[in-house]
Amino acid sequence: VDRRQRQMCIRDSENTERPTVLYIHGGNFLPPFFNFRATGSKLDSTVVEVCTQLAKRGYTAVAVSYRQGWAPTADQNVRAATFLRAIYRGIQDLRAGVRFLRKTAAEEGNPYGVDSDRIVAWGQDHGGFIALGMGTLDKYSEISTLGKFINSETLEPYILENIHGDIYGEMEATLNLANTPGFSSEIQLVVSMGGAICDTSWIESDALLQTPIIGYHVVIDPFLPFGDGPIIAHPG
């Protein structure tokens, strides 16, 4: 280790509160191989590399997991409902993760070196759906009243709070356990690489109320449009 590296190590050891990035992997909300890919977990080489680079630059980098699974069937209601629920579960899980980090910082001596005032959700591929949802979905009505989020046969919303839990994952429900209540789920920045937002109405018109967003996207992406339009959900 040369002198410059030693100095960096000394400075870093003195910095006990670092900007914190939750890095959210992609994979189409299905585990590796079931998604017809060799990737789709927090152990993906891209996840490891980005987190390593962030750590070298003085951030606390957290590679996260979240609940996966949906049904890419021919039935549009089943396909849309299960895909939306996969996104919803991811948002709940990551918000629970934010609360957990704040709890460890406040009550457990901050073992991860978290700056609770500077937490970033950085999503890659379908992880970008989760990151964008964390920064924009703040009312249940945003997914319970729009026609595209309602079953065309039962006329019920695809997401039901008594079954799937509230948007922050703080409410006990059939398919949700409340985790780390009493701490804020808020984040200070969203970074999306190739992700999408389920509906632009989630974005606050008042810039002061909207979490800042940085987005990277391929202009010719055939599945998640660069502008707006239908999302083509596919298992591969």
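Trainee: In which helix does Arg99 lie?

Mentor: Helices here are DSSP runs of H or I with at least four residues, strands are runs of E with at least two, and both are numbered from the N terminus; Arg99 lies in helix α3, residues 76–107. This is a predicted model, in which local features need pLDDT of at least 70 and side-chain atom pairs count only at pLDDT 80 or more, while totals for chains, interfaces and linings use all residues. Residues are numbered from 1 along each chain as its sequence is written, and side-chain values use heavy atoms, with hydrogens and water left out.

Trainee: Is Arg99 buried or exposed?

Mentor: Buried means under 20% relative accessible area, exposed means over 50%, and partly exposed lies in between, with a 1.4 Å probe and protein chains only. Arg99 has a relative accessible area of 0%, so this residue counts as buried.

Trainee: With which side chain does the side chain of Arg99 make a polar contact?

Mentor: A polar contact is a pair of N or O atoms within 3.5 Å; within protein, one must be able to donate a hydrogen and the other to accept it, and residues adjacent in sequence count only if both atoms are side-chain atoms. Here the partner of Arg99 is the side chain of Ser185, at 2.7 Å. If contact is taken as heavy atoms within 4.5 Å, and neighbours within four places in sequence are left aside, Arg99 also touches other residues, including Tyr168, Glu170 and Phe183.

Trainee: What is the order of the strands in the open sheet?

Mentor: Two strands pair if DSSP finds at least two bridges between them. The five strands of this open sheet follow the order β2-β1-β3-β4-β5, with parallel pairing. At its edges stand β2 (60–64) and β5 (213–216), each pairing on one side only. Within the sheet, six bridges join β1 (residues 18–24) to β3 (residues 114–124), and Tyr23 stands opposite Trp122 in β3. On the other pairing, five bridges join β1 to β2, where Ala61 is the bridge partner of Val21.

Trainee: Which residues touch the most other members of the largest nonpolar core?

Mentor: A nonpolar core is a set of buried Ala, Val, Leu, Ile, Met, Phe, Trp, Tyr and Cys residues joined through side-chain atoms within 4.5 Å. In the largest one, of 38 residues, those touching the most other members are Ile24, Phe29, Leu94, Phe129, Ile130, Met134 and Ile143. Helix α3 gives the most to this core, with 10 residues. Apart from it lies another core, of eight residues, among them Val21, Tyr23, Leu54 and Trp122.
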